[in-house]
Amino acid sequence: MGDEYPSLLRSEEMSLVQLFVPTEVAHDTVAELGELGNVQFKDLNPSVNPFQRSFVGEIRRIDEMGRRVRFFSTQIEKEKDVVPIRPLYDSAPLITSGPRAAQTVDELDTTLAEHEQRLTKMNDSYQTLSERTKELIEARHVLRETAVFFDKAQGHHEDIRSSFDDTVTPLLQDDREGGYAPAGVQFDLEFVAGTIERSRMSTFERVLWRVLRGNLYMNHIDIAEPFVDPVTGVETRKNVFIIFAHGDALLAKIRKVAESMGATLYPIDPNADKRSESLREVSNRLEDLQTVLYNTGLNRRAELIKIGESLRSWQDVVKKEKMIYETLNLFNYDVRRKTLIAEGWVPTRDITNIQLALRSATEGSGTSVPPILHELRTSKTPPTFHRTNKFTEGFQTIMDSYGISAYQEINPGLFAVVTFPFLFAVMFGDIGHGVIIFVAALYMIMVERKWAKADLGEILGQFFFGRYIILLMGLFSMYTGLMYNDIFSKSLHLWQSGWTFPDANGTVVGVATDHRYPFGLDPAWHGAENGLVFTNSYKMKMSIVLGVIHMTFALCLQVPNHFKFKRYSDLYSNFIPQFIFLQSIFGYLVVCILYKWSIDWSKATTQPPSLLNMLISMFLSPGSVEPSLQLYRGQGTVQVILLGMAGVCVPWLLILKPYLAWKEMNKTQGQHYMGIGHGDDTGDDVPQLTPGISLEEEEEGNGLLQTEDDEHEHHDFSEVIIHQVIHTIEFCLGCISHTASYLRLWALSLAHAQLSEVLWTMTIEGFLGPTSVFGWIELLVMVGFWFAATVFILCIMEGLSAFLHALRLHWVEANSKHFEGGGHAFAPLSFASQEGKD
């Protein structure tokens, strides 16, 4: 069994278990294990086509139910007025396990089909009625506009040309002898009327003018209100047109051109009385149709509201049922015993809970034959599983984004809980800014139960997921801000300063006293002319010290890995030379920085030497140190020894491990063992029995164990040499580049402090001490602007920048010293994780 109290230090101990599940209790068993969420099932039918598995029919049925549920959800989303959807936690649960499970699913399938049928019919009716309503509205507009046009024509009948030529017929003629028609006489006209999209109107005019060579008279007018498509919801603007022409051939051409451009034609009678009667008839029909359409919409909305009451529970049932049957398809069916055989990985400490879940499934299904569970012995590498809570989940996710650690490897996510917010705070150190992000994170934690159920969107959801990371980042930023003595670019005078400033001939020069500022940076440095030079030097050296400490700690994490995996040779072939190389150069630099800080150079006989030049001279001229640049006695000898130790470590890294691998390979071959792929039987994947091995030793594992040994990799000697050469070069060059990379702590801290100071100077500082009401108003406005800029620029943008740099320091500079990776994450069947994705 696993440890009683597992931690994040390593992956939890995992076990491969086998389940024998009777078919009548299989569904309820998987449902219980899905609710428990700690079994990762293996596919025991890898060679079987997905369409030939045992539960394909059930999955197809569930897919059809899922299609209907998605159809309902789409219809609710398309509704203009919001349709209330009852949340899952407030909905009545559907029991899909137990003796009535099949009946419940059948009833749900029937219910979904009935709702779909009703809603589809309503949609078809609503669409048909909407199309008919649109046609009647267009017809009404056409009748009204043609009536207006004819009324205008009657009023201007004196402008109508009459022709006395019998071979030429005027466009507007009457039944009398070629004279002007009286006002009360109707015209016998030939025309085409209809509607067309406004965007096509100009093209329509040009085409008709060219086709008919100008033998037409056309009039059009805009329709004010838009037409909305009931399916897509797209608005369309249209125009009413009326075209006069002479002859059936020209009218036929007009109709063809209009229909080809998507126009709708309406038969309009030239007789005014008949047009008026048609207009009244269309208006009456339109009123009746709009009444029917309104009632249909009410019924449709009532149906959608009824669906919304149960939609979330339906979605939950469909997703769970599909997951259950997809999992059952991974099982192997034993025809003789009429049972399903399953295998899967589980945390060893949860086996008792799994057995209780199996017993609960048996009791709930009303059967007397329980599933049987037993552990299997295997050499296959288990998945990596780190049990997290809401506090550690964010930190573990950050490290898992770099790579999944190998099974039982030291987990860097545990140490990131402290190191990540600390390195962030070194770059973001400000008490005021730390308080802002701390309060924001604290608020998200206080309302986390409410926000966890809400849809926060992608951006806000990411901040909410990392609320505990932000909380610690704010807390650590307040600490480093106290160390920097920085609050919104101003200093705090918490204790007595260690400097006095006597006025000597108008020049203020700081004089050190015997008192020392007890904690953090002395506030006297703020505002001093050389304050930036001092903080530059201080933060630059501090970043080197922190970087070397961080890399050394990460390098030391190799040791528990080597002991855990019994790679004792790696301790003296990899870890020790790497440790000596790092400490002999950069560890020595850190000691020199601390030693230089400890000396009172105002009382020394020499000037403080440049440590950068000292490190360069250590390589270019080893052993020779000028007396004026000497930091301590015997410096040249110490540096030669350290340089020699670093030089010895390079061939040590290059040669020792390949030599040990070569020696081990010769030892194995001397005992008549051959690696897979050697010998004559290269096509056989399974190694044959080796002479000299007793039957009892061969039977230590079962057939499963023998087939799973292929997972372990076998390397040739040349691959070992190439890998070690690359590893050595990468480590030696990485020590230099990674140490320089930690200077980003200094650079971002300096940039953050300077940007904060500039923002204060350019906003609030010039408006302090107002003497009038207008001055107070200006000050309040600038305070609001300064606070908004502080939150959005310094806290969010600068905070994200510092976050990414801290992430890089963990992923590259730290993890490259110890992280092996190559593991695969534990992915159990869990209904809770599926709900979280939704």
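Visitor: Which two side chains meet in a salt bridge at 3.8 Å, N to O?

Guide: A salt bridge is a side-chain nitrogen of Lys or Arg within 4 Å of a carboxyl oxygen of Asp or Glu. Here, the side chains of glutamate 64 and arginine 68 form such a bridge, at 3.8 Å from N to O. Please note that this is a predicted model, in which local features need pLDDT of at least 70 and side-chain atom pairs count only at pLDDT 80 or more, while totals for chains, interfaces and linings use all residues. Residues are numbered from 1 along each chain as its sequence is written, and side-chain values use heavy atoms, with hydrogens and water left out.

Visitor: Where do glutamate 64 and arginine 68 lie?

Guide: Helices (H or I, at least four residues) and strands (E, at least two) are DSSP runs, numbered from the N terminus. Both glutamate 64 and arginine 68 belong to helix H2 (residues 56–78), where they are four residues apart, about one turn of the helix.

Visitor: Is arginine 68 buried or exposed?

Guide: Buried means under 20% relative accessible area, exposed over 50%, and partly exposed in between (1.4 Å probe, protein chains only). Arginine 68 has a relative accessible area of 13% and is therefore buried. Glutamate 64, at 31%, counts as partly exposed.

Visitor: Which residues are linked with Glu64 and Arg68 in a network of salt bridges?

Guide: The network also takes in Arg61, Arg67, Asp106, Asp109 and Glu116.

Visitor: How many salt bridges does the structure hold?

Guide: The structure holds 29 salt bridges. One of them joins glutamate 35 to lysine 320, with the closest N and O atoms 3.1 Å apart. Glutamate 35 lies in helix H1 (residues 23–36) and lysine 320 in helix H6 (residues 272–328), so this pair ties together parts that are 285 residues apart in sequence. Lysine 320 is buried, at 18% relative accessible area.

A further bridge is formed by glutamate 765 and lysine 490, whose closest N and O atoms are 4.0 Å apart. This pair links distant parts of the chain, 275 residues apart: glutamate 765 is in the loop between helix H22 (744–762) and H23, and lysine 490 is in the loop between helix H13 (467–484) and strand E12 (499–500). Glutamate 765 is partly exposed, at 37%, and lysine 490 is partly exposed, at 34%.

Visitor: At what angle do helices H14 and H23 pack?

Guide: Two packed helices are described by the angle between their axes and the distance between the axes. Axes are lines fitted to C-alpha atoms, for helices over the stretch in contact, and angles run from 0 to 180 degrees between N-to-C directions. Helix H14 (residues 531–556) and helix H23 (residues 773–814) pack at about 50 degrees, and their axes are 10 Å apart. The two helices are therefore oblique to each other; angles under 35 degrees count as roughly parallel, over 145 as roughly antiparallel, 65 to 115 as roughly perpendicular and the rest as oblique.

Visitor: Which residues make the contact between H14 and H23?

Guide: Contact means heavy atoms within 4.5 Å. H14 contributes His550, Met551 and Ala554, and H23 contributes Leu809, His810, Glu813 and Ala814.

Visitor: Which residues does threonine 133 touch, not counting residues up to four places away in sequence?

Guide: Threonine 133 touches Leu286, Leu289, Gln290 and Leu293. Threonine 133 is placed in helix H3 (residues 101–155) and is buried, at 6% relative accessible area.
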